Amino acid sequence: MERSVARIISASPVIEGAGVHLNRVFGFSEVELFDPFLLLDDFRSDIPTHYLKGFPWHPHRGIETITYVLKGNVEHGDSLGNSGVISSGDVQWMTAGSGIVHQEMPKGDDQGAMHGFQLWANLPARHKMTAPRYQEITAAQIPVVDVDGARVKVVAGEFAATRGPVSDIFTDPEYLDVTLPEEGSFQRTLPADHTVMLYAIEGSGTTAATAVSNRQLVLYGAGDEVSISADQEGMRFLLLSGKPLREPIAWRGPIVMNTQEELEIAFREYQEGTFIK
């Protein structure tokens, strides 16, 4: 059965970090709708003063942050001694688990463009305090599948017998970057119990009789199949899905736990210097 459109959302401008201008697609006020996902930010910008101050040192616990860069570079470092650069086409899937303190500093490319997205995924209660880890995926490691004119980058999950390089994620996610030619189409069958959403990043098209264009997100309703048709200019979108946790959420800033007590412990440990396990 084809999934209906439960909701369509346009990204809204916000300022985060040390003064980074970005567009928030969804966040704190919509947690039940998007379970197991918590937040999606679109940080595409061609104005360096809007992103160069970046995201200085800050903690995370209880979540995974997924950063996908289309253009530019993001320098990162953390309390475990890890450091590096995420460049155009790369993905960083960071499992914060029991706790990590890190910084993310966007640098842009030679033309001043810094384009990308950050998605937060919740961790189930039994894995909230798992050991932190990174999966850093270069553009060259992300397989590309061409099916009926659609060009599909498989970041996570499996599409057309091709598995993405991201593995061992607790919410069984699928993360596809799909480009359609003019008037092209794309169909995908996904588990009926998964949360499924589409975020348009170029062009425009139609899904379930609903028009969608750049910086608009479609949250799908019940069913197991999604179908998207591009308009004459073609279309590019992220197709994201994951298995809902259906667990209580206690969320403050960069830390997401299950109870208020766990949240208070996390912030107390951060203040006392015992946050990192």
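1. Basis. The model is predicted, and local features need pLDDT of at least 70, side-chain atom pairs count only at pLDDT 80 or more, and totals for chains, interfaces and linings use all residues. Residues are numbered from 1 along each chain as its sequence is written, and side-chain values use heavy atoms, with hydrogens and water left out.

2. The seven-strand sheet. An open sheet has seven strands in the order β2-β3-β4-β11-β6-β9-β12, with antiparallel pairing. The edge positions belong to β2 (12-16) and β12 (133-137); each has a single partner strand, so one side of each is left without a neighbour in the sheet. From one strand to the next the twist averages 25 degrees. Strands are DSSP runs (E, at least two residues), as are helices (H or I, at least four), numbered from the N terminus. Two strands pair if DSSP finds at least two bridges between them. Angles run from 0 to 180 degrees between the N-to-C directions of axes, which are lines fitted to C-alpha atoms.

3. Five bridges link β2 with strand β3 (residues 20-26) in the antiparallel sense. Opposite serine 12 stands arginine 24 in β3.

4. The four-strand sheet. A sheet of four strands, also open, runs β5-β10-β7-β8 with antiparallel pairing. At its edges are β5 (55-60) and β8 (83-86), each with a single partner strand, so one side of each lacks a neighbour in the sheet. Its twist averages 25 degrees from one strand to the next.

5. Strand β7 (residues 74-78) pairs with strand β10 (residues 100-106) over five bridges, in the antiparallel sense. Histidine 76 has glutamate 104 in β10 as its bridge partner.

6. Glutamate 64. This residue lies in strand β6 (residues 63-71). Glutamate 64 is buried yet has no salt bridge, and the nearest side chain of opposite charge, arginine 133, is 5.3 Å away. Buried means under 20% relative accessible area with a 1.4 Å probe, protein chains only. A salt bridge needs a side-chain nitrogen of Lys or Arg within 4 Å of a carboxyl oxygen of Asp or Glu. Not counting residues up to four places away in sequence, glutamate 64 touches, among others, Trp93, Trp120 and Ile169 (contact means heavy atoms within 4.5 Å).

7. Glutamate 269. Helix α2 (residues 260-272) contains glutamate 269. Glutamate 269 counts as buried because its relative accessibility is 16%. Apart from neighbours within four places in sequence, glutamate 269 is in contact with Arg61, Thr274, Phe275 and Lys277.

How values were computed. Buried means under 20% relative accessible area, exposed over 50%, partly exposed in between (1.4 Å probe, protein chains only). Lys and Arg count as positive and Asp and Glu as negative; His and the chain ends are not counted.
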